[in-house]
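Here is a brisk report on one protein model. Take a look at the structure first, then read on.

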Amino acid sequence: MKARTRAATLLLTPFFVLFTAVMVVPIGYAVWLSLFTEKQSGLGFGGTETVFTGLDNYTAALGDRAFLEGFGVLLGYCLLYIPLLLAGALGLALLLDSALARARRFFQLALFLPHAVPGIIAALIWVYLYTPQLSPVVQAMDAGGIGFDFFSPEGTLPSVVNIALWEWLGYNMVIFYAALQAIDRSVLEAATVDGASAWRIAFAIKVPLIKASLAMVGLFTIIGSLQLFTEPLILNKGTGSAVTSTWTPNMYAYTAAFDRNDYGLAAAASVLLALTAALLSFAVTRLTGRRKAGTASTASTTGAAHEAIRARKEQPA
């Protein structure tokens, strides 16, 4: 027993050291930094001094309309992006897993390739495709009578969602496809023998059996959506779009730190965003946890049906 404990300690120590160095320490430093601010003494000729202000930076962030509007943008982004991503990735995975699919390897690679492009490069590519003077796509839309300004206040959010979908759709499709491939094929064969249609097999058997993957992707997508930064930052630089320097909470913190040199306010905004992500993660985890019993019941019923069909097939004529 002692040998096993020592082995576990030896194997886990590098993880905890790395976790402490890259997670616990930076978060603790951010919380500490958020409690201070720099003020100039006298008329501004005496230099700056770091002053403890307690929760003043948090009050300033929560009282800033630009910071709160950033959460409104994130809400709209999540309501548009997350359903499209989950439905699109799941639909593509089900198509690839179906018996009618051909050239699976090619389409997996083709759909995954956009994820291999760094986010900043992807954003630059799409800025080119959104620019009316340069983009063949916009010119073709105009020729067809479809006028749409991707940089307008109404078009900015769909433009950012489109970039994110292009980057992450194939990645999550691979996760769903791997989960579908792990399903026991005998369960699907039993459903086919029982006369279930392809649609019923897909949505009444396959989807319930990969609910864990759906929950995991949903959770990671929510966390990633709250960290929205690269795509709107690129749209903000020299494109004339409606994206401002404080369009999202992450951009607000970036602007506070590197444009206004207010590191305390930036740290407070970052901590508030992290707390929001933690609360949402907790809520999603609890919600999916409550549904585990239902999923287990569905799997049990499916397995019982499979066993009954198998027994019926094995009965002598």
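Leu 265 touches Asn 57, Ala 60, Ala 61, Tyr 252, Ala 256 and Arg 260, leaving out residues up to four places away in sequence. Touching, or contact, means heavy atoms within 4.5 Å. Leu 265 sits in helix α13. At a relative accessible area of 4%, Leu 265 is buried. Its C-alpha lies 7.2 Å from that of Tyr 58, although 207 residues separate Leu 265 and Tyr 58 in sequence.

This is a predicted model, in which local features need pLDDT of at least 70, side-chain atom pairs count only at pLDDT 80 or more, and totals for chains, interfaces and linings use all residues. Residues are numbered from 1 along each chain as its sequence is written, and side-chain values use heavy atoms, with hydrogens and water left out.

**Overall make-up**

The protein has 14 helices and 2 strands. These are DSSP runs numbered from the N terminus (helices H or I, at least four residues; strands E, at least two). Of its 317 residues, 35% count as buried. Take contacts between residues at least 6 apart in sequence: 65% of them join residues at least 24 apart.

**Helices α3 and α13**

How do α3 and α13 pack, and at what angle? Helix α3 (residues 65-97) meets helix α13 (residues 263-290) at about 35°, with the axes 12 Å apart. Axes are lines fitted to C-alpha atoms, for helices over the stretch in contact, and angles run from 0 to 180 degrees between N-to-C directions. From α3 come Phe 67, Phe 71 and Leu 74; from α13 come Ala 269, Leu 272, Leu 273 and Thr 276. By class, this contact has 6 nonpolar, 1 polar and no charged residues. Here Ala, Val, Leu, Ile, Met, Phe, Trp, Tyr, Cys and Pro are nonpolar, Asp, Glu, Lys and Arg are charged, and the others, Gly among them, are polar.

Leu 74 also touches Thr 248. Thr 248 lies in the loop between α11 (230-236) and α12 (249-258).

**Exposure of selected residues**

Buried means under 20% relative accessible area, exposed over 50%, and partly exposed in between (1.4 Å probe, protein chains only).

| Residue | Relative accessible area | Class |
|---|---|---|
| Thr 248 | 1% | buried |
| Thr 37 | 14% | buried |
| Phe 107 | 39% | partly exposed |
| Ala 116 | 54% | exposed |
| Phe 106 | 55% | exposed |

Thr 37 belongs to strand β1 (residues 36-40). Beyond four places in sequence, Thr 37 touches Glu 49, Thr 50, Val 51, Thr 53, Asn 57 and Asp 262. Ala 116 is in helix α4 (residues 104-116). Ala 116 and Glu 167 are 51 residues apart in sequence, yet 8.1 Å apart C-alpha to C-alpha.

**Aromatic rings**

Rings of Phe, Tyr and Trp (its six-membered ring) pair if their centres lie within 6.5 Å; planes under 30 degrees apart are stacked, over 60 edge-to-face, and the rest tilted. The count is 18 aromatic pairs. For Phe 106 and Phe 107, the ring centres are 5.2 Å apart and the planes stand at 75°, so this pair is edge-to-face.

**Around helix α6**

At the start of α6 (residues 136-143), a side-chain oxygen of Ser 135 comes within 3.1 Å of the backbone nitrogen of Val 137. Just after α6, Gly 145 has a positive phi of about 80°.

Notes
A polar contact is a pair of N or O atoms within 3.5 Å; within protein, one must be able to donate a hydrogen and the other to accept it, and residues adjacent in sequence count only if both atoms are side-chain atoms.
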